[in-house]
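Hi,

Here is the structure I said I would pass on. Have a look at it first, and then read my notes below.

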Amino acid sequence: MEREENFKKSKPVQLLNELIEKKSDEKVENVDWEDVFLLSDENDDQWPSKTPGFKETMKEYRSELKKLAIKVLEIMDENLGLPKGYINKALNGGDDTSAAFFGTKMSHYPPCPYPEKVTGLRAHTDAGGVILLFQDDQVKGLQILKDGEWIDVQPMRNAIVFNTGDQIEVLSNGRYRSVWHRVLAQPDGTRRSIASFYNPSYKAIIEPAKELVEKNEVVDLVKYPKFVFGDYMNVYVQQKFLPKEPRFQAVKTM
């Protein structure tokens, strides 16, 4: 409610209104029908303040979700045959377990009068480690790309949806894949989602785990380059909605 009026004046709304006034058959490009803000430990003085209990509730929620993210990483370690804590250590860039970034993206997708003309959130993969999504349990819209087809991720009450980012794909040498996903604009209902990202430190060096490639004598089995995560993010912000493979190639040359 604090942010609703500002969305009515936002660029997506303005562009859509212009198309409708022109009676154009085109679609709104390069914007998302989404209002979003980020919560982190570093910006808690900027969190919404008018809603009673918001800050206290979200601090507790984020604390529990961070613990859950680390547990999921340990399960991935086990599945891959890696030492316990390997992926978490890689994301932190060493033994300092406070170096990884944990942010929470609060998204609000208002009903759209012309959902066929604009995307709620354009298709992309996430740049970082693991993403823990608490999505709206009534209003649908989230889709993932599987075997060339877009599949609905059905709303499920009291569930956390896990998503793997690009860095997990690299660390696992492709055994885990980052997932292409998008959100469709909806004509009815307001969709809300809370996505928490456990991402590498910008200084972290990311590469396929040696335990996964040293068992093989063929060098070509190393599928991804070695790079600093901050360098990858410099490429990602320019190419977020483009195919991910060129991003890996671009950062390889840095």
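N158 is found in the loop between β6 and β7, the latter spanning 161-164. Keep in mind as you look around that this is a predicted model.

I picked out N158 for its backbone: its phi is near 55°, a positive value in a residue other than glycine.

You'll find D147 in the loop that links β5 (142-146) to β6 (149-152). D147 isn't a glycine either, yet its phi is positive, at about 55°. Is D147 buried or exposed? With 72% relative accessibility, D147 counts as exposed.

Now for the inside. How many cavities of 30 Å³ or more does the structure hold? The count is 1, and the largest cavity has a volume of about 30 Å³.

If you want to find that spot on screen, select the residues that line the largest cavity: W33, Y109, P110, K140, V183, L184, A185, Q186 and R191. By type, the lining of the largest cavity splits into 6 nonpolar residues, 1 polar and 2 charged.

Cheers

Technical notes: Residues numbered from 1 in each chain as written. Predicted model: local features only at pLDDT ≥ 70, side-chain atom pairs only at ≥ 80, totals over all residues. Heavy atoms only, no water. Helix = DSSP H or I, 4+ residues; strand = E, 2+ residues; numbered from the N terminus. Buried < 20%, exposed > 50% of the residue type's maximum accessible area, 1.4 Å probe, protein only. 1 Å grid on protein atoms, 1.4 Å probe; cavity = no way out; pocket = protein on both sides within 12 Å on 5 of 7 lines; lining within 4 Å. Points joined across faces, edges and corners; volume = space filled by probe spheres on them. Nonpolar A, V, L, I, M, F, W, Y, C, P; charged D, E, K, R; others polar.
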